Structure formats: structure tokens, C-alpha cells
Amino acid sequence: MIRSLLVLSLLVLTACSPKQEESVSNKKVTAIDSSAFAAQVGIAAYTRLSHANQAAQNLDGKLASFMHHPNPMSQAEIQQSWRKAYDSFLSSLIFAYLPIQDPPEWISQRIGYQHLLTQLDSWPIEGGYIDYIEGYPFSGIVNDLTLTIDEANIRAQHGFTDNSNASLGYHALEFMFWGGNGLRSAHDFFPQENTAPVPISDAEQTLDNSHADSSSQQVLSIEPQNHNRRRLYTQLLSELLLKDLHRVQRRWEPSSGYYAQLLQQSSAENTLQAAFIAAQDLISKELLNKRFQLISSEFSQSNNADLLALLAGIEQWFMPEDPEQQEASLYFLMQQADPKIAENFLAALQQSKTCINKMTTEPTDIDQCKQDTISLLSSLRHAATSLAVDLPSLD
């Protein structure tokens, strides 16, 4: 059964060139051996997912320390660990764009690659679906005492009525660490069970109203409630994130993973084409059409970092720093085919990174960086043409 599924999925890799926007130049293209590059694609994917998994484990360890002693310093550490873990995940996302088809039973069981991605990386999300937000002190899963916090219930709540109803993934954790408007207090995670409004006196709220009568000396103010439920939910979020990441990682395991086997059965030419398709789709669909909205990491206000991490995924795969891997890299093949086109691709990548590093939320800044990223996409397509790789036309 697994062998027949491999064959069926390989057809996806061989039939991914619908209408072409560009054809290969009429000039003779020197045949370049891409077998070394093709052989390392599965290993590269497994390595990136392993790094993402390790970063998530480090985050989980920091979370345990934070829960042991919630304070502003340990909260800052957990926030930094979240950013590192999410960066590592985003740098692996390019492999999710390889044109590989999951077995039908995975799709029907809702454990296919795309479904797992919706559990790991749903955004934007509605923070009030998870926990309190300003003006709604008893909103969300944390404050719904009728809902038992366990894996089955939290998975069932994910995307319950809308995609923004996210109860899983990196951005649910992001909200728990930063809160609405970045105002989360470490005090929210003190181990205490509060389930009723807590009256706070005017004096405690530093209200100075010497002319108020005695009846106004008790003002009903609502503090965050259900601390132990908040702690339990946040720890479960981290546990389920690791579980979903590990499932994806296993599928890239070089000796037995489904996706790794798929690529091993494919020809070098088809794998090369699949790599260019993944990069094109990551840039056009993920970066240009989605991430430049700057709403993916809204609670931590670190949207630029998301863009840079996605570009890092391309750079780490196509131009590895390890000298032993460089002659099996896609950039090495580009250089063999046409050194000038390879140089232009590298320059476009660096220009896009430089622009995003300095980008503000001003429309002119965003438009400039989008234009630089479009130039990167154009350079990628030219590199594909130089290697006689046909790419699907851009919508």
C-alpha cells in the first residue's frame, strides 16, 4: 500500500508545470548534474525540522522555569525563547511548499501537512477566544469553567467557528506570553485559583478623590482570574506544539519518513524543479500575499522578524554555510549555469533582507520592500530558466 502511495505522489512532482509564463531560452543550456543537490533535499528538510523541534523543546524548558517562578525577568526570557522557536519553524516552512501530496487517509484523518500547519501556525487569531482581553475580563477558554482543559477539547476548539478561533500553535502561545496590546503581566501566572471578581479599593487603584462619599470607597475592579487554568492551558499548548512538530519531523526522517522516501524515488530533475516551485510559492504566496500585511505576530509586534526568518529559510537551504554542503547546493548549480544570474539572485536576496530590516509600518517602506521581494522572485525565475527548469506561471 505504501509503495502505491509513493508512486501516486511522485506523479505530483512530475506534473507540476501547467501554463508557463516564461519558456527556457532558445540558446543551448549546458546540462548540469543536479543529483548531489537532489540527494540532500530530504536531509536538509529533516535538519531544519529538527532545529525547529529543538527550539520548541528549549521553549518548553523555559516555560517550565517561568511557571516555577513567574516574574518580569523570566517572562522576558520566555518571550525571547518564543521568538527563537518561531524563527526556527519559519525557516523550515519552505519545505512545506514542495509539491508533495499526502496519502488520502492522512487528509481524511486531518493529519496531512497542510492541516498540521494550520494547527502550528494559524494567524491572525482572536486573543479573546483564548483568554481575557481589555473590556472582557472573563472571556476565552481560560475563563470558561465548563470546558475541561485537555488535548481533545483544545484540539476541538481550534477553528471552531472561524479560522481566527485558534486554540493551538505558536500564536496562541504568543498571546499567552504577551497578552492583548503586549500588556500581559507575569502575575497572571501565579499559582492561584480565582474564579470571582475581586473588589479593589480606590486607594489600591491610587485614585485620589477626597470628595467622594463613603459609598464610592469600594470600586469593583476586575483582576485576571483562573490563574491555574491559565497555567495548565499554556503548558498544554507547548506540549501539543511539540507533538505536532515531531509528527512533521518524523515524515522527513531520511531512512523511513514518508516525504523523504518520496523524494528518494523521484528523479534529480523533478526534485530540482520541486525546489524552485517551493521557493517561488514561498515568496509569492507566503511573503508577498500574506506576511507583508504585518499581522502574523501582532501580539509581540515582531512581524518583520517573520519575513526575515522566511527569507533565511531560502538562504540556509540554497546557500548553506557548511563548506562540505556548498557543492551540493542550489546556488552552486546556479553559478555553474550562469554566474551573473547567480550573483543577481544573491544580491536580490540581500537587498530584500536589508530593506525588511529597516522597514517601518509606513506604506512607502512596505511598498519598497515588497518591490525588492518581487525583484527577488524575478531573479529566482531567471535562475530556474538558466537551469532549464520550467516553473508554473504566477497568478
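Among contacts in the chain between residues at least 6 apart in sequence, what percentage join residues at least 24 apart? In this predicted model, the figure is 78%.

**View 1. Overview of the predicted chain.** The chain has 395 residues, of which 51% count as buried, and its secondary structure comes to 15 helices and two strands. Of the contacts between residues at least 6 apart in sequence, 78% join residues at least 24 apart.

**View 2. The largest pocket and its lining.** The largest pocket holds about 630 Å³ of space, and among the 28 residues that line it, Gln114, His115, Leu117, Thr118 and Lys290 are the closest to its centre. Helix H5 (residues 113-120) gives the largest share of this lining, with six residues. Sorted by class, the lining of the largest pocket consists of twelve nonpolar, nine polar and seven charged residues.

**View 3. The second largest pocket.** This pocket has a volume of about 510 Å³, and its lining is made of 24 residues, with Tyr132, Ile133, Glu134, Gly180 and Leu183 lying nearest its centre. By class, the lining of the second largest pocket comprises ten nonpolar, eight polar and six charged residues.

**View 4. Aromatic pairs within a helix and across the sequence.** The structure holds 17 aromatic pairs, and one of them, formed by Tyr86 and Phe89, is stacked, with 6.2 Å centre to centre and 15 degrees between the planes. Both Tyr86 and Phe89 belong to helix H3 (residues 72-91), where they are three residues apart, about one turn of the helix, and both are buried. A tilted pair is formed by Phe95 and Trp317, at 4.6 Å centre to centre with 45 degrees between the planes. Because Phe95 lies in the loop between H3 and helix H4 (104-108) whereas Trp317 lies in helix H11 (residues 303-318), this pair ties together parts that are 222 residues apart in sequence. Phe95 and Trp317 are both buried.

**View 5. The aromatic cluster and charges over rings.** Ring pairs join Phe95 and Trp317 into a cluster with Phe37, Trp106, Tyr113, Trp252, Tyr258, Tyr259, Phe318 and Phe345. Over the face of Trp106, a member of this cluster, lies Arg251, at 3.8 Å from the ring centre. Arg184 lies over the face of Phe175, at 5.4 Å from the ring centre.

**View 6. Ala156 and Ser167.** Ala156 is part of helix H6 (residues 151-157), and with a relative accessibility of 45% Ala156 counts as partly exposed. Ala156 and Ser167 are eleven residues apart in sequence, and their C-alpha atoms are 8.7 Å apart in space.

View 7. Trp123 and Pro124 are joined by a cis peptide bond, with omega about -10 degrees, and Pro124 is placed in the loop between H5 and H6. Gln301, in the loop between helix H10 (268-288) and H11, has phi near 55 degrees, a positive value in a residue other than glycine. The relative accessible area of Gln301 is 63%, so Gln301 counts as exposed. Ala388, which lies in the segment after helix H15 (363-386), has a positive phi near 60 degrees, and Ala388 too is a residue other than glycine. With a relative accessible area of 43%, Ala388 is partly exposed.

Methods
Residues are numbered from 1 along each chain as its sequence is written. This is a predicted model: local features need pLDDT of at least 70, side-chain atom pairs count only at pLDDT 80 or more; totals for chains, interfaces and linings use all residues. Side-chain values use heavy atoms; hydrogens and water are left out. On a 1 Å grid over the protein atoms alone, a cavity is a set of points where a 1.4 Å probe fits but cannot get out, and a pocket is an open set with protein on both sides within 12 Å along at least five of seven lines; lining residues have an atom within 4 Å of a point. Grid points are joined across faces, edges and corners, and a volume is the space filled by probe spheres set on the points. Helices (H or I, at least four residues) and strands (E, at least two) are DSSP runs, numbered from the N terminus. Ala, Val, Leu, Ile, Met, Phe, Trp, Tyr, Cys and Pro count as nonpolar, Asp, Glu, Lys and Arg as charged, and the others, Gly among them, as polar. Rings of Phe, Tyr and Trp (its six-membered ring) pair if their centres lie within 6.5 Å; planes under 30 degrees apart count as stacked, over 60 as edge-to-face and the rest as tilted. Buried means under 20% relative accessible area, exposed over 50%, partly exposed in between (1.4 Å probe, protein chains only). A charge sits over a ring if NZ of Lys or CZ of Arg is within 6 Å of the ring centre and within 35 degrees of the ring normal. Contact means heavy atoms within 4.5 Å.
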